[in-house]
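Work through the exercises below with the coordinates open. Try each task before reading its solution.

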Amino acid sequence: TDCVWSSLSQAPPPTYTMVQSTSMRERSHPDPFEDYVYELRVDHAAYSLLMHKNGTPDLVSHTFEVGEEVFVKLSRDKNTGRAVVLAPVINDPDHKYFGRVLVQYHDNQSTCHVRPRRILKIGDEAAAPRVLICEKTCEFRRLGRVQLSKEDFCVELGCSWGEASNLLHQHSGRLLCIDISHEAIASCRKRYPQIHFEQMDCLQSLDVLSKAAAGCTKLFVDLGGNRELDPLIEILNFAQKTIRPRTIVVKNEALYRKALDRLRSFGTQDIGKYQSYQIPESSMWWRELGQDSIRHDESCEKRERVADRDEEVERHCK
């Protein structure tokens, strides 16, 4: 997938205030911000299904209330699935649908008794703004279905060919999708003319991005889900400091592994038992990632200086 940046090797630590500059090597003075909470989002359905097959009852991490808006995970990752709860979990062991929740789908008004493992709560707003980290495209899109409402202005960075954009458009009130690829944006505009697409290299146009995303409440970031962390840290830092969305959803394998390692280092067991895990001491963890990025940048700069010096010596000898 094409990412929003092109060739960037530098990134400030997450506690730095971003300053637009012609040189991405320039950094401002530290300015800590610690109000964002970092969470790891996992494929809870796979774990719950395994427990069900092993004879363990479905895990219910949320009490479903009558009238509550939910999303039901359907086969083949369909875009439908929005529903309202008509009856909570049935606790009568003699009932035909023991352990299930009665829902009514919005698209065709049909009703169904659904296992709790297939139900996701809509919105799930927390008191503090959050960064939700996921690994796979399927979870990224599920979060699009459950984190958005028609009151949200959503911005997507790294929209690529627009598959996720189409889903985000269905569930948000306003949507702006950005990618660095001219080809991808041209294709998206033809396939989804109802969606606002813009071609932009965000890290080279931070001022433009901040103006375009002003008022953004939900930010979805998929900048090449397996790319290195340095440029991702920079864009997330800028987003938290300048754009200030209530929720940031980011798909990146390297960041997911870092978050997973952090959880395990604090003794977290049974990863996958629940849908969400808050990263322990997440502000400190984020600062440490930033410092690692700084050291990586300095190492790269040193190698570049050595290479430049060797080239100059070689030219002089010739």
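**Exercise 1.** State how many salt bridges a search of the whole structure finds, then examine the pair E39 and R41.

*Solution.* The search returns 9 salt bridges. The criterion is a side-chain nitrogen of Lys or Arg within 4 Å of a carboxyl oxygen of Asp or Glu. This is a predicted model: local features need pLDDT of at least 70, side-chain atom pairs count only at pLDDT 80 or more, and totals for chains, interfaces and linings use all residues. Numbering starts from 1 along each chain as its sequence is written, and side-chain values use heavy atoms, leaving out hydrogens and water. E39 and R41 meet at 3.5 Å, N to O. E39 is buried at 9% relative accessible area; R41 is buried at 5%. (Buried means under 20% relative accessible area, exposed over 50%, partly exposed in between; 1.4 Å probe, protein chains only.)

**Exercise 2.** Locate the salt bridge between E288 and R262 and classify the accessibility of each partner.

*Solution.* The N to O distance is 3.4 Å. The pair links distant parts of the chain, 26 residues apart: E288 sits in helix α8 (residues 282-317), R262 in helix α7 (residues 253-265). Helices are DSSP runs of H or I, at least four residues; strands are runs of E, at least two; both are numbered from the N terminus. E288 is partly exposed at 35%. R262 is buried at 11%.

**Exercise 3.** Which residues join R130 in one network of salt bridges that share partners?

*Solution.* E39 and R41 join R130 in that network.
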